Amino acid sequence: MIRLAGIEKRFGPVLANRGATLEVSAGEIHALVGENGAGKSTLMRILSGMFQPNAGRMEVAGKDVTGWSTAEAIKAGVGMVHQHFMLVPTLTVTENITLGAELTKGGGRLDRARGRAEMQALIERTGLHVPPEHRVADLTVGEAQRVEILKTLYRGAKVLILDEPTAVLSPAEVNELWRVLRKLRDEGGTIVLITHKLDEVMAISETITVMRQGETVGRLKTASTSPAEIAKMMVGREVVLAQRTADTRPKAQDPRPQAVAALEVKDLTVPSARKKNAVDGISFSVAPGEILGIAGVEGNGQTELIEAIAGLRDVASGSITMADTDISRLSVRKRGDLGLSHIPEDRHERGLILEYSVAANLILGQQHRFTKRGALDVTRIAEHARRLIAAFDIRPADASLPARALSGGNQQKIVIAREMGGARDFKILLASQPTRGVDVGAIEFIHAQLRAARDAGKGVLLVSADLNEVLALSDRIAVMYGGRVVAIVPGASATAEALGSFMTGAAA
């Protein structure tokens, strides 16, 4: 169904693809894996018509389509669901899905009733539930992801390319997506899945292509390989995959309470655009030298909680304190000066200015620390960037490039580097989806950084949609459901099954 051979793609001096190859049979689910910056998304954007290759040949269903446009790709049934959403926030779900393919009636007027009916039928058929009349701006991140998938399916895609589609989905939603993909495959569809989650690769794919540094380095049958073998091929060395081991298992908690909590939340209530009490009167504390993990299905108040603590969202009632200092009404900058660092869940919306250079992004929110006689100290900023780029392995290692030019995973590394290795000596780290969209090598590194922060006496509040990550890192785990904390359990004895019952409200 798909044959790419000798694909080369340059962006100025950066060679994103070099002689890359890909073969995918009709009616199969094929996983495309590799480190951040390996060229996976670029290769798929070439296939979907967004980019034109500098060299190589592309065939779809035996036809030469080298250099085709996005319109030609869509017409031929090739659709791509991007890692970062391409939606119009002010339009409704239905309007976004039908945009450019609207149904009309007499006089060219929009047939809204028929559009709503078709949309509801598509939602019911796929199981990707989302409110059709809600504005995209009011959706959770997980709901927006479903809209992207529905938009592609609405256009009749027979070849479906998904770039990190489960990054914002709960375990139950992932299983539902697998059901949809298997159904599409059984109906003759061809699916290419870009993912960093090797357990997903093993669960859903039949064949695997591995890329490294822009090249294709292997093609595997899923049934005859293992996550460890795939990871080694991706990174070029042995990789410790995220799991509890003797060295990484959370430490047993000291039963004596800390005199002063690093972070304490009391009776906190936070509104959102859709709920009066998105966070509904919750209380918890994070001790110095502790990772408190928060588990929960996306949309149960985690986003509002983290943004309220970070100072990005107003608090209706309750208090937030750091080492006995009430920060509930302080500015973001003052919270930062007190030692609060924040890795936001959406790096594009909250973590980066994509048109700014890597060096400039590495001092965002801390720029007042890099001044000399009232002006930015360019020399210090450049040296700071060189240090963090080397320490956090940001690729390409060019501080002058705009952040937009880097892969999603390397953009995430910029945020991690700034918040954990920047000019601020943090005491509390809010880590929201810290490994979303990064490869196994980077996940291993970020996990080591989080553990090192805990061992250095920092408090870490970890929010992750990846339950395995929460289990692997957390000393205690709080479960959020309906805006409330319904359970707090020791990390060392927690299980996915027990947490799953709390996450769905069954055990609340």
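**Close-up views of the predicted model**

**View A. The surroundings of Met420.** Leaving out residues up to four places away in sequence, Met420 touches Ile343, Phe426, Leu429, Gln449, Leu450 and Ala453; contact means heavy atoms within 4.5 Å. The structure is a predicted model, in which local features need pLDDT of at least 70 and side-chain atom pairs count only at pLDDT 80 or more, whereas totals for chains, interfaces and linings use all residues. Residues are numbered from 1 along each chain as its sequence is written, and side-chain values use heavy atoms, with hydrogens and water left out.

**View B. The largest nonpolar core.** This core has 36 residues, and those with the most contacts inside it are Ile343, Leu362, Ile394, Ile414, Met420, Leu429 and Leu450. At least two core residues come from each of helix H12 (358-361), helix H13 (378-391), helix H14 (408-421), strand E21 (428-432), helix H15 (440-455) and strand E22 (459-463). Apart from it lies another core, of 30 residues, including Leu87, Tyr154, Leu181 and Leu184. A nonpolar core is a set of buried Ala, Val, Leu, Ile, Met, Phe, Trp, Tyr and Cys residues joined through side-chain atoms within 4.5 Å. Buried means under 20% relative accessible area, exposed means over 50%, and partly exposed lies in between (1.4 Å probe, protein chains only). Helices (H or I, at least four residues) and strands (E, at least two) are DSSP runs, numbered from the N terminus.

**View C. Strand E15 and its two parallel partners.** Strand E15 (residues 290-295) is mostly covered, with six of its six residues buried. Glu290, Leu292 and Ile294 point one way from the strand, while Ile291, Gly293 and Ala295 point the other way. E15 runs parallel to E22, to which five bridges join it, and four bridges join E15 to strand E23 (residues 476-481), again in parallel. Ile294 stands opposite Val463 in E22, and its bridge partner in E23 is Ala478.

**View D. An open sheet of six strands.** The strands follow the order E6-E9-E10-E3-E11-E12, with mixed pairing. Strand E6 (78-81) and strand E12 (215-221) are at the edges; each has a single partner strand, so one side of each is left without a neighbour in the sheet. From one strand to the next, the twist averages 20 degrees. Two strands pair if DSSP finds at least two bridges between them. Strand E3 (residues 29-34) and strand E11 (residues 207-212) pair in the parallel sense over five bridges, and Ala31 has Ile208 as its bridge partner in E11. Helix H8 (residues 227-235) lies across E3, E11 and E12, at about 30 degrees to E11. Axes are lines fitted to C-alpha atoms, for helices over the stretch in contact, and angles run from 0 to 180 degrees between N-to-C directions.

**View E. His129 in a loop between two helices.** His129 is found in the loop between helix H4 (112-126) and helix H5 (141-154). With 43% relative accessibility, His129 counts as partly exposed. Apart from its neighbours within four places in sequence, His129 is in contact with Ile123, Glu124 and Arg146. The C-alpha atoms of His129 and Arg484 are separated by 23 Å, although these residues are 355 residues apart along the chain.

**View F. The setting of these views in the protein chain.** The protein chain contains 17 helices and 24 strands. Of its 508 residues, 52% count as buried. The C-alpha trace spans about 70 × 50 × 50 Å along its principal axes.
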